[in-house]
Amino acid sequence: METIIEMRGIRKAFPGVVANDNINLVVAPGEIHAILGENGAGKSTLMSILFGLYKADRGEIFLRGEPVSIDNPNDATRLGIGMVHQHFKLVHNFTVTENIVLGQEDRANGLIQLEEAKQKIIALSDQYGLKVNPDSLIEDISVGMQQRVEILKMLYRDADILIFDEPTAVLTPQEVQELINVMRELSNEGKTIILITHKLHEIKSIADRVTVLRKGAQVAVLDVATSSIADMAEAMVGRPVVFDLQKAESTPGDVVLSVRGLSVYSPVYKKNVVNDMTFDVRRGEILCIAGVEGNGQTQLIEAIAGLTESQGEVWLLGENISDDSIRERNLKGISHIPEDRHKHGLVLDFKLSNNLILQNYFEPPMQRRMMLNFSNINEFSASLIERFDVRSGKGIHTNTRSMSGGNQQKAIIAREVIRDTDLLIAVQPTRGLDVGAIEYIHQQLIAQRDQGKAVLMVSLELDEVLSVSDRILVMFEGNHMGEFDAATVSDSELGVAMAGGNR
Amino acid sequence: MKRWWQRSALAENELFVSSLSSVLAIVIGLLFGFLLMVVVSPSESIQGFRIILTGGFNDGLLSVGSMIVFATPLIFTGLSVAFAYRTGLFNIGASGQLMMGALAATAVGVPQWWRYEGELRIAMDNPFLQLGSWHWVAALLAALLAGALWGLIPGVLKAYFNVNEVVATIMLNYIAMFVNSLVITRYLFNSLIGRAFSVVPTALFPRMGMENIFTDGLRSSQANVSFFIAIFFVIVIYFVLNYTVFGYELKAVGFNRDAARYAGMNAKRNLMLSMMISGGLAGMGGASLYLFAGRNLDPVLQILPQGFDGIAIALLGLGSPIGVFFAGMFFSSLKVGGQFLQLLSFRIEIIDIIISVVIYLAALSLILNRLVLYVLKREKQ
């Protein structure tokens, strides 16, 4: 087989963990090759080695049959390798053209010459169907268009090996479809594409072959056409995966949370990032706020939890809590699994037991006469750890910072669920977690619903929205774009609403 | 099964690793001082080094007494900085808070105040004189209060206006210096000695018979009760930080203000309280610096260095109250030892150089930390 990339016996260890162990990656020219694995499986490390960001401890890289040494991203660029990072590397107050030429500007008498570059960009964007306006500022264009700019950046540098790191995480369903079309077009033009992802149906719909990594080791190289999604999932996780959540019909009861005309003004954007939102959440149902990242979901939840100032009213169990402090709201019946577990959810420098009492340290039996009661705290923490299967090196004494993301999230869920409040807010509860942990968390949310709690969830993953929730509310630029029944709504209906609808 | 004394187990023990790096900072600092003495005067260097190592024990119990007197304000300011640090605040203003504390203690302790009628300066009796044997307690409380208020200012600025406490406390050091000078020259000035009035005996810290212990028969040191008050507060702060709900909140706010707010804690109130407590501790340090015989507040425009020493002591003591106590005693021992160095042909500045090197290394403790870890984790190939 003719190969364009061959990575042989790659090993890379970080203190305490082997990120890549004897990985052999073989990619044929013109192929779309997916790299599949859970978080922490070593996908990004492997690609960082190929792109020159890390140096492998052992192993060789061959490009077009020749051994090469890639010490930094400039080497990679020179060898025709380009990468679209998960978080875009763009200068926000530069134009599209300026961003694309950045670092490779044409100069005459010390002045930048942009006209020729602009023509080249227009030609490239026509050739591959990458619609952009070369004169727009990055901060004015959509995330999908920013991604196209990143792709053009690679093409402008004549890259013929294109690495995409989780490219669909920030896109609407329509944008995902466009991206898939662009990738096909690129592949037809002879470009080689490496796609890093943990989304199985994307691989199924576009990739030719897939290399599966698990815990740093290469476990399989599969031909996508002859493998099922279940095969790939099993290779990734190491055991058969249940895709259909067992979920009974919801039986909505009384209104628990009632939001009336809630708005949040942002002095940064000089406009309402949450605009006149009105909705209810009832007992025994999961309402999910769907939308593309950055459309006001974060601020909406912060306003309900009392973390940010807002106009309008929030009612909990028939009581107006709009002027209550965060502590009062929590005590009146809000549990909150926050979006950012490192910023809000945990005090990373506390040991695990101290994090597990973050919501009840001030109540007996955790304290007596304003003194912490350590025997009760330890007993309480140990019971949570056991009940919610939180795994950690030293049990309740583990430094929280050293725990894995999934177990940190489990600890937060344990702490919030155990409070047994009427409303449970869960913001992106499965972000960055692996398949096993996601399964577990979804089951917990549904169990809470079945116990008669009202669950308000925010998620960016459409699959999650559709499989977990009973009712879906779509937000776009802070506005309420309509509510849908999760059982009957189609992907495309949601997609239209998430992209701003027919306004 | 890993035993605690094995290298890999020690490497996981954070307290051990960081303590060892503090000790390493001290050892390297001392060796550097020795090297300097070899350069300056090779023949006396061994003897000089012995004096430094002997420190506060050079002249028997008398110098132990001096060491205690020297250490007390350093323990207070070290505690002040360490406490603020544990709650996420960097208090560079311990010097200013200490000076305000010293001023308040002196104002309460002096026999008379000046008041003005037009251009006319009139003496008036200090009303605190009536307190009798409780006088010194009032002076200490005044110092505590003045320091706390001086700490509250940057606390309020940070809580409500998001002013960085580092900048605010530095500037307040200067304000404290000028306020000191103004108040002393205008209201507390003894023109015979060019300084503030001497504090009356009832306002001095009781010596509790220590003058009979820390003595060489002829002279006795000024060791007094303030040393035990400092130890008392070391224990109190240790207790508050580690065993109380209040301490839990303070640490949560210090480590992660957002998470503390999310959990419903009043981050603003905690922040202001924290700065007040920190300032109060430094303020008492000011009292311990002046409430003994033979000390008079000076209106000279100079920021007292004890507050800055407190930063170094907090660093060297790893931010823990117990560590601060030992670091304070160590600094004091070096300072007292330095005075004996002058018996040889060395200058006292050598001590300052050693202390500076120790401070630098303590500040670079991260690097030393890594060195210790490297040695511990190195496997025999």
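**Figure 1. Secondary structure and dimensions of chain B.** Chain B of this predicted model contains 15 helices and four strands. Helices (H or I, at least four residues) and strands (E, at least two) are DSSP runs, numbered from the N terminus. Along the principal axes, the C-alpha trace of chain B spans about 85 × 65 × 35 Å. Because the model is predicted, local features need pLDDT of at least 70 and side-chain atom pairs count only at pLDDT 80 or more, whereas totals for chains, interfaces and linings use all residues. Residues are numbered from 1 along each chain as its sequence is written, chains are lettered from A and ligands numbered from 1 in the order in which they are written, and side-chain values use heavy atoms, with hydrogens and water left out.

Figure 2. Chain A has 17 helices and 24 strands. A box of roughly 70 × 50 × 45 Å, taken along the principal axes, is filled by the C-alpha atoms of chain A. For 503 residues a compact globule would have a radius of gyration near 23 Å, and the 25 Å of chain A agrees with this. Chain A is divided into domain 1 (5-237) and domain 2 (255-347 + 418-498); these bounds come from an automatic or database domain assignment. The C-alpha centres of domain 1 of chain A and domain 2 of chain A lie 33 Å apart.

**Figure 3. The interface of domain 1 and domain 2 of chain A.** Ten residues of domain 1 of chain A are in contact (heavy atoms within 4.5 Å) with 14 residues of domain 2 of chain A. The two domains of chain A bury about 910 Å² between them, 59% of it on carbon and sulfur atoms. Buried area is the accessible area (1.4 Å probe) that two parts lose on being put together, summed over both. Of the area that domain 1 of chain A buries against domain 2 of chain A, 39% is supplied by A:Asn39, A:Pro173 and A:Gln174, more than by any other three residues. The rule finds one salt bridge across this interface, a salt bridge being a side-chain nitrogen of Lys or Arg within 4 Å of a carboxyl oxygen of Asp or Glu. The side chains of A:Glu461 and A:Lys199 meet in a salt bridge (3.7 Å, N to O). On the side of domain 1 of chain A that touches domain 2 of chain A, the elements that give two or more residues are helix 6 (173-188) and helix 8 (229-237) of chain A.

**Figure 4. The interface of chain A and chain B.** In this view, 28 residues of chain A are in contact with 19 residues of chain B. Chain A and chain B bury about 2100 Å² between them, with 61% of it on carbon and sulfur atoms. Across the interface of chain A and chain B, the rule finds zero salt bridges but 14 residue pairs in polar contact (both at pLDDT 80 or more). On the side of chain A that touches chain B, at least two residues each are supplied by helix 10 (326-333), helix 11 (341-345), strand 20 (371-372) and helix 14 (405-417) of chain A. Helix 11 of chain A gives the largest share of that side, four residues.

**Figure 5. A salt bridge between two helices of chain A.** The side chains of A:Glu178 and A:Arg148 meet in a salt bridge (3.2 Å, N to O). This pair links distant parts of the chain, 30 residues apart: A:Glu178 lies in helix 6 of chain A and A:Arg148 in helix 5 (residues 143-156) of chain A. Over all chains, the count by this rule comes to 33 salt bridges.

**Figure 6. Backbone features in two loops of chain A.** A:Pro364 and A:Pro365 are joined by a cis peptide bond, with omega about 5°. A:Pro365 is in the loop between helix 12 (352-356) and strand 19 (367-368) of chain A. A:Met370 is placed in the loop between strand 19 and strand 20 of chain A. Phi of A:Met370 is near 65°, a positive value in a residue other than glycine.

Conventions: The radius of gyration is taken over C-alpha atoms; the globule rule is 2.2 Å times the number of residues to the power 0.38. A polar contact is a pair of N or O atoms within 3.5 Å; within protein, one must be able to donate a hydrogen and the other to accept it, and residues adjacent in sequence count only if both atoms are side-chain atoms.
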